[in-house]
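Good morning, and thank you for making time for this presentation.

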Amino acid sequence: MPDPTPLLDCRQIGVAYHGVSALVDVDFDVQAGEVHGLVGCNGAGKSTLMKVLAGVVPQYTGEIHLGGLPIRLDSPRRAIAHGIAMVYQELSGIGQLSVAENLFLSRQPRTRFGNIDWRRMRREARQALAELDIDIDVSRPLREFPLVIRQMVEIARGLHSGARVLILDEPTSALSLPEARRLFELMRTLKSRGVSLIFISHFLEDVLTVCDRVTILRDGRKLLTDQSAKLNRRAIIEQMVGGETAAAGQDATEVTLKPESKEPIRLRVDRWTRRGCFTGVSFKVHRGECLGLYGFVGAGHQELLHTIAGAQPVQAGEIRIDNSPRRIRHVADAVEQGVVLVGADRGQTVVRGASIARNITLAHLATSVGSWITTRKEVMVSQPVLEQVGCRPPDPCKPAGQLSGGNQQKVVLGKWLLGPIHVLLLEEPTRGMDVHAKTEIMRLVREQQKLGAAVILASTEPEMLLTYADRILTFSRGQVTAEFSGKLVTKADLMHAAERELERHD
Ligand code: ADP
Ligand code: MG
């Protein structure tokens, strides 16, 4: 039974973004010295609830009490003043600055002359980290350290600013197993010192091991809070996914996959390894097939696409296209071989200030418009592409940044259509798009499949893969943990396989 007066008590929390509810009447409480797990599918509202506590969603409704007194968390500053600190999924540290500077960001100690007291800063930084059993050179830039250390520095920073409640939003998803264990050790140490921790993770086994209690969210509502000892992984996944049925026009939550294709193998990847991301990954994709890669953020499947596209290096492994060995060292090598990537970060793939026409011709300038580029030629080349992909408006002279997300993605696909596409790599290709835009994009992908392209679709959304993939591999901590083909597979099956933990052998 929870203590009658919890340290932190949230009642009936509601949040709407532009009129759309993200949280509805959520009750959530944390005891002093408790590790409280927060779980739910993508979009369940976990991060939003934590952002309320961190003071970055001031428009919330409901009441929050701290130590029995009502508080209003209307700014990050206020949250910190109340002793609530958040370690973000995307780390907020500054890589170029030293560890010590990061620990003291905006609160550097001063000498009596008003200058920053570097010596004292370094000494206190060393002390703060030593208390957490971290022994590193605090004068080195933060970016030189592995992710787990950067996270620990974030945690130390929170503690040093006086945090009593620390929020860890998916801290372990990009960590290797030993690193994750190291973080759990630290969490235990903090707990023994009376710090409360809220831990968000997709790795339910971890959640059950390190947390005292667990709260499950689904579609912005709280389903239950219970002691970890009374829960198990299977029951949690059932609750998280619970009774979801695909409405018309919505993505599938289960599907019977076809058996593996009998078409010739277009791409074969063997023992592909990138240090810190994935190890010994082997698979093949047939002509016309769509291979799905599923894993949580940081599982390594997304980085895998970037390496095949030549955008990131690998340390080992071989690649064959149409049964002949290939070397792909740069993006240009890949493009030349017909291997193209549509990345998740449209900010990086779309030149927002450039015209739509320029965006389309960019990748194949020499071959599409020749070496003498004129706007007229660019427009001539890009017009039919815009028609083909159904870009709205089909105006080649408009800046690409003015298009909707779906139409920007059509431009990205369109730019690759000017050359051959043998292998099409898609990383969350429809993230943030409405159903209509999503269907349009995936129709273009299907057309390429019909022409013989091998498609690899990497996503953190199980529904996306169940809807579009012919065969699915699951990734966990940089390794393939399961392959699904030729049988019924459910969202829960994928989630189980994505948190399977294999020891990494690198
Ligand atoms: P989780 O962390 O459980 O994956 P989130 O809290 O990030 O879920 O999201 C909950 C819901 O709120 C989702 O439907 C998401 O699309 C929406 N949402 C989250 N952040 C924003 C935002 N800044 N603007 C609009 N909608 C948002
Ligand atoms: Mg989240």
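Predicted model: local features only at pLDDT ≥ 70, side-chain atom pairs only at ≥ 80, totals over all residues.

Helices here are DSSP runs of H or I with at least four residues, strands are runs of E with at least two, and both are numbered from the N terminus.

Residues are numbered from 1 along each chain as its sequence is written, chains are lettered from A and ligands numbered from 1 in the order in which they are written, and side-chain values use heavy atoms, with hydrogens and water left out.

Let us stay with α5. Of its 14 residues, 10 are buried, so this helix is mostly covered. Buried means under 20% relative accessible area, exposed means over 50%, and partly exposed lies in between, with a 1.4 Å probe and protein chains only. Among the buried residues of α5 are V148, I149, M152 and V153, and also the charged residues E154 and R157.

Helix α15, residues 405-417, can be treated in the same manner. Its 13 residues should span 18 Å at 1.5 Å a residue, and its end C-alpha atoms lie 19 Å apart, which agrees. This helix, too, is mostly covered, with 11 of its 13 residues buried. The buried set includes V411, V412, L413 and W416, together with K410 and K415.

K410 leads us to the salt bridges. The structure holds 23 of them, a salt bridge being a side-chain nitrogen of Lys or Arg within 4 Å of a carboxyl oxygen of Asp or Glu. Which residue does K410 pair with? Its partner is E440, and the closest N and O atoms are 2.8 Å apart. This pair links distant parts of the chain, since K410 belongs to helix α15 and E440 to helix α16 (residues 435-450), 30 residues apart. K410 counts as buried because its relative accessibility is 5%, and E440 counts as buried at 19%. Elsewhere, D29, E34 and R213 are joined into one network by salt bridges that share partners.

Two further bridges deserve mention. D9 and R11 form one, with 3.0 Å between the closest N and O atoms. R120 is partly exposed, at 31% relative accessibility.

Helix α4, residues 118-130, also holds R123. On the surface, R119, R122, R123 and R126 gather in a patch of positive charge. Patches are made of residues with over 30% relative accessible area and no salt bridge, with like charges joined within 9 Å and nonpolar side chains (Val, Leu, Ile, Met, Phe, Trp, Tyr) within 5 Å. R123 itself is partly exposed, at 41%.

Most residues other than glycine have a negative phi, and most peptide bonds are trans. Where does H18 lie? It sits in the loop between β1 (8-17) and β2 (20-30), and has a positive phi of about 50° although it is not a glycine. H18 is exposed, at 84% relative accessibility. D322 also has a positive phi, near 45°, and is placed in the loop between β15 (316-321) and β16 (324-326). At 36% relative accessibility, D322 is partly exposed. Lastly, a cis peptide bond joins R392 and P393, with omega about -5°; P393 is found in the loop between α14 (375-389) and α15.

Terms used
Areas by Shrake-Rupley, 256 points an atom, 1.4 Å probe, with all protein chains shown as cover. Charge placed at Lys NZ, Arg CZ, Asp CG, Glu CD. Expected span 1.5 Å × (residues − 1).
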